[in-house]
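Hi there,

Here is the structure I said I would pass on to you. Have a look at it first, and my notes follow below.

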Amino acid sequence: MVQTGPPRTPGIGRVLVVVYAILALAATGRSVFQILTKFDTAPIAYVLSAVAAVVYVVATIALVARGPRWYAIAWATIGFELLGVLVVGTLSVVDPVLFPADTVWSYFGRGYIFIPLVLPVLGLVWLNQRRPSKQRQIEEGVAGPRR
């Protein structure tokens, strides 16, 4: 089914999508290079970078796509991203030996000017302001009718 209507990403949403897309490309390139050239030195760190790359790619797609399902996927991926940044960031500060090489989320995204820490917060705020209506969720089979 082709959906018509206004774009899902008006105004500042477009900037958010562009930043997510750039971060997706950067994280993907970094993780592929690290895995192909020096995987043996820090496999956990490089796998985490690859996970971050996948999260950024899916989040970018979910922010652009329309409908309540994609909205839910955007919430899930961006929420996971925030959790990942906080957990990996905290662990890399508390016990740097755990990550002998930086990941995208190490030190709260220090290698990416802390964008990985700020971006999911902005993304979740933006998504919260563009919540799909309950009726539309029911129509698309994402939520049940009210009782």
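Leaving out its neighbours within four places in sequence, T60 is in contact with V17, Y20, A21 and A24. T60 itself sits in helix 2, which covers residues 43-64. With a relative accessibility of 13%, T60 counts as buried, because the cut-off for that is under 20%. Please keep in mind as you read on that this is a predicted model.

Next, a helix pair to look at. Helix 1 (residues 12-38) and helix 4 (residues 115-129) have axes that come within 11 Å and cross at roughly 145°. The crossing of these two helices is left-handed. On the helix 1 side, the contact is made by I12, G13, L16, V19, Y20 and L23. Helix 4 contributes I115, P116, L119, P120, L122, G123 and W126. Sorted by type, the residues of this contact are 11 nonpolar and 2 polar, with no charged ones.

Is S106 buried or exposed? It is buried, at a relative accessible area of 2%. Not counting residues up to four places away in sequence, S106 touches V88, S92, F99 and A101. As for S92, its C-alpha is 5.7 Å from that of S106, with the two residues 14 apart in sequence. A polar atom of the S106 side chain also lies 2.8 Å from the backbone nitrogen of T103.

Methods. Residues are numbered from 1 along each chain as its sequence is written. This is a predicted model: local features need pLDDT of at least 70, side-chain atom pairs count only at pLDDT 80 or more; totals for chains, interfaces and linings use all residues. Side-chain values use heavy atoms; hydrogens and water are left out. Axes are lines fitted to C-alpha atoms, for helices over the stretch in contact, and angles run from 0 to 180 degrees between N-to-C directions. Helices (H or I, at least four residues) and strands (E, at least two) are DSSP runs, numbered from the N terminus. A crossing is left-handed if the near helix is turned anticlockwise from the far one by less than a right angle, and right-handed if clockwise. Contact means heavy atoms within 4.5 Å. Ala, Val, Leu, Ile, Met, Phe, Trp, Tyr, Cys and Pro count as nonpolar, Asp, Glu, Lys and Arg as charged, and the others, Gly among them, as polar. Buried means under 20% relative accessible area, exposed over 50%, partly exposed in between (1.4 Å probe, protein chains only). A polar contact is a pair of N or O atoms within 3.5 Å; within protein, one must be able to donate a hydrogen and the other to accept it, and residues adjacent in sequence count only if both atoms are side-chain atoms.
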